[in-house]
Amino acid sequence: MTSPIYIRSIDIPDALIVMNWENNPANWDASDNKSEYQLFDIVRMIEENQDIQRAKQARWIICDSTSDKQIGTVDIFDIDFDKKEAFVGVLIAEKENRQKGLASIAIELVENEGVKLGLERLKCVVHPGNTASVQLFEKRGFVKIGETDRQFLNEGVYLEASIYEKWVKK
């Protein structure tokens with residue numbers, strides 16, 4: 001069976017759509033972003049991602065396999081090549097594409113990319129109350145290992161978040 005999505009490296013022509021996704025407050029629940037990016041910021045991030053070793057991050061665009069339309073992003077960030085670990089994040093940008101299992105497939109694809117980069121463990125930070133992300137990462141085999149010491153501001157209240165991990169290289 002053909003996958004409904006694929007991932008590809010992010011490139012400069014993706015900058016405007018990524019900026020619009022990043023600047024949409026409806027998508028901020030799953031990240032610690034609380035302010036808007038400028039197009040320059042996104043272009044610089046794309047350019048920096050060309051050297052994963054230096055940037056310590058990699059980002060891919062999630063595309064619909066039928067139409068090639070961009071539907072989201074998946075990334076590995078805060079890469080520690082010595083510890084062979086990194087954090088992972090995923091965004092399915094539009095609500096009509098959510099709850100279809102696409103984020104799970106994207107996480108599987110990025111796990112494979114992580115192994116190619118020599119990573120053995122992936123982690124994620126999930127904000128309290130984000131049950132969709134908890135279900136997604138638990139379905140993908142991530143296990144809760146604790147709470148983060150970072151706190152996130154949500155509607156004027158500081159919240160801790162849960163940390164999940166998965167060993168991707170057996």
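A residue is called buried under 20% relative accessible area, exposed over 50% and partly exposed in between, with a 1.4 Å probe and protein chains only. This is a predicted model, in which local features need pLDDT of at least 70 and side-chain atom pairs count only at pLDDT 80 or more, while totals for chains, interfaces and linings use all residues. Residues are numbered from 1 along each chain as its sequence is written, and side-chain values use heavy atoms, with hydrogens and water left out.

**Overall layout**

- The protein chain has five helices and seven strands, where helices (H or I, at least four residues) and strands (E, at least two) are DSSP runs numbered from the N terminus.
- Read from the N terminus on, the elements follow the order β-α-α-α-β-β-β-α-β-α-β-β.
- Of the 170 residues of the protein chain, 41% count as buried.
- Taking contact to mean heavy atoms within 4.5 Å, 56% of the contacts between residues at least 6 apart in sequence join residues at least 24 apart.

- Two strands pair if DSSP finds at least two bridges between them; E3 and E4 run antiparallel and are joined by seven bridges.
- These two strands form a hairpin with four residues between them, and Lys 84 in the turn has a positive phi of about 60°.
- E4 also pairs with E5, in the parallel sense and over three bridges, and the bridge partner of Ala 86 in E5 is Leu 122.
- The chain crosses from E4 through H4 to E5 in a right-handed β-α-β crossover, a term that applies if, with the strands pointing away from the viewer, the path from the first strand over the helix to the second runs clockwise.
- Seven of the eight residues of E4 are buried, so this strand is largely enclosed by the rest of the structure.

**Nonpolar cores**

- A nonpolar core is a set of buried Ala, Val, Leu, Ile, Met, Phe, Trp, Tyr and Cys residues joined through side-chain atoms within 4.5 Å; in the largest one, of 26 residues, those touching the most other members are Ile 62, Val 74, Ile 76, Val 88, Leu 122, Phe 137 and Phe 142.
- At least two residues of this core come from each of strand E1 (5-9), strand E2 (58-64), strand E3 (70-80), E4, H4, E5 and H5, and H4 gives the most, with five residues.
- Apart from this core lies another, of twelve residues, among them Ala 15, Trp 21, Met 45 and Ala 93.
- Leaving aside neighbours within four places in sequence, the contacts of Val 74 include Ile 7, Trp 60, Ile 62, Val 90 and Val 110.
- Thr 73 is found in strand E3 and is buried, with a relative accessible area of 5%; not counting residues up to four places away in sequence, the residues that Thr 73 touches include Val 18, Trp 21, Ile 61 and Leu 91.

**Aromatic pairs**

- Rings of Phe, Tyr and Trp (its six-membered ring) pair if their centres lie within 6.5 Å, and planes under 30 degrees apart count as stacked, over 60 as edge-to-face and the rest as tilted; by this rule the count comes to two aromatic pairs.
- The rings of Phe 77 and Phe 87 are stacked, because their centres are 5.9 Å apart and their planes lie at 25°.
- Phe 77 lies in strand E3 and Phe 87 in strand E4, so the pair ties together parts that are ten residues apart in sequence.
- Phe 77 counts as partly exposed at 25% relative accessibility, whereas Phe 87 is buried, with a relative accessible area of 17%.
- Phe 137 and Phe 142 form an edge-to-face pair, 5.0 Å centre to centre with 75° between the planes, and both residues are buried.

**Helices H1 and H5**

- In helix H1 (residues 15-22), the buried residues include Ala 15, Val 18 and Trp 21, and what covers the buried residues of H1 includes helix H2 (39-48), E2, E3 and E4.
- The buried residues of helix H5 (residues 131-139) are Ser 133, Leu 136 and Phe 137.
- Seen down the axis of H5, these residues fall within an arc of 90°, so they line one face of the helix; the arc is that of the directions from the helix axis to the C-beta atoms.
- Thr 131, Gln 135 and Lys 139 are exposed on the other side of H5.
- The cover over the buried residues of H5 includes strand E4 (85-92), helix H4 (102-116) and strand E5 (121-126).
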